[in-house]
Amino acid sequence: VAENGADERLNSVGLLLGRHAEKLGIGFEFKVLIRRIAELTRESLGCDADEPLAVNFAYKLYRMPDESVSTENPRDELLRRVKALAPRVVTLVEQDANANTAPFVARVTELCAYYGALFDSLESTMARENLKRVRIEEGLSRKVVNSVACEGRDRVERCEVFGKWRARMSMAGFRLKPLSQRVADSIKARLGGAGNRVAVKVENGGICFGWMGRTLTVASAWC
């Protein structure tokens, strides 16, 4: 049950997960909780001390300010707080681009290569008149503008390469749980026909998703 005023997209996620749970015959309860980082405890989340906890960071951490923006470093503070919750698993999914602390010219070069491959994948997989593609391109365009034209706190697009995420997670006390090729093959099979054009491979313990030789996204698991 979602609390009053919960974000509509989160409610949609809850409904989707509820349908999956019903098919599997699993008891399911969905709540949207708003907590400050400093308030993040098992008690505030309603979790028992011995209850298994899973945390999913999918395209979330890159938008949080880090030490290059604020001395408070909310990004690392969140990771330390989550580690203190003793989760059974933490999943991390992020774009693989050096667009955080790189100098301006290097950042522009990196983003041109990254989004060039991403837009090419759209051109090859979705018709131009597809309304979903139009919305995706509009969203990506806003990301590109913010990544290039904004600095300081005004720039919220702060993507990192997987090597930097590995170092950041390790410093917070997390240990990488290498994903197997079997998992990568399972994901590739789920992509259907698109799986023949999207590169899915295991590298440095994470699963890399790429296009035309360029890694675009990396998924990894931690404990």
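Reading along the sequence, I noted the pattern α-α-β-α-β-α-α-α-α-β-β-β. The model is a predicted one. I counted the secondary structure as seven helices and five strands.

**Entry 1. Overall dimensions.** I looked up the extent of the C-alpha trace, which spans about 45 × 45 × 35 Å along its principal axes. The chain has a radius of gyration of 19 Å; a compact globule of 223 residues would have one near 17 Å, so the two agree. Of the 223 residues, 37% count as buried. I also examined contacts between residues at least 6 apart in sequence, and 65% of these join residues at least 24 apart.

**Entry 2. The sheet.** In what order do the five strands of the open sheet run? I read the order as β1-β2-β5-β4-β3, with mixed pairing. The edge strands are β1 (54–58) and β3 (199–203), each of which pairs on one side only. On average, neighbouring strands of this sheet are turned by 15 degrees against each other, direction ignored. I then checked how β1 and β2 pair: the sense is parallel, over five bridges. Within this part of the sheet, I found leucine 92 in β2 to be the bridge partner of phenylalanine 57. Helix α4 packs on the sheet and touches β2, β4 (206–211) and β5 (214–222). The direction of α4 makes about 95 degrees with that of β5.

**Entry 3. The nonpolar core.** Which residues touch the most other members of the largest nonpolar core? I listed Phe57, Leu61, Val82, Val90 and Phe174, out of 36 residues in that core. At least two core residues each come from β1, α3 (74–84), β2, α4, α6 (162–171), β4 and β5. The largest share, six residues, is supplied by α4.

**Entry 4. Asparagine 100.** I located asparagine 100 in the loop between β2 (89–95) and α4 (104–125). Is asparagine 100 buried or exposed? Its relative accessibility is 2%, and buried means under 20%, so I recorded asparagine 100 as buried. The side chain of asparagine 100 makes a polar contact with the side chain of aspartate 66, at 2.7 Å. Neighbours within four places in sequence aside, I found asparagine 100 in contact with Asp66, Ser68, Arg75, Arg155, Arg158, Cys159 and Glu160.

Notes:
Residues numbered from 1 in each chain as written. Predicted model: local features only at pLDDT ≥ 70, side-chain atom pairs only at ≥ 80, totals over all residues. Heavy atoms only, no water. Helix = DSSP H or I, 4+ residues; strand = E, 2+ residues; numbered from the N terminus. Buried < 20%, exposed > 50% of the residue type's maximum accessible area, 1.4 Å probe, protein only. Polar contact = N/O pair within 3.5 Å; in protein donor to acceptor, adjacent residues only side chain to side chain. Contact = heavy atoms within 4.5 Å. Pairing = 2+ DSSP bridges. Axes fitted to C-alpha atoms, helices over the stretch in contact; angles between N-to-C directions. Core = buried A, V, L, I, M, F, W, Y, C linked by side-chain atoms within 4.5 Å. Rg over C-alpha atoms; globule rule 2.2 N^0.38 Å.
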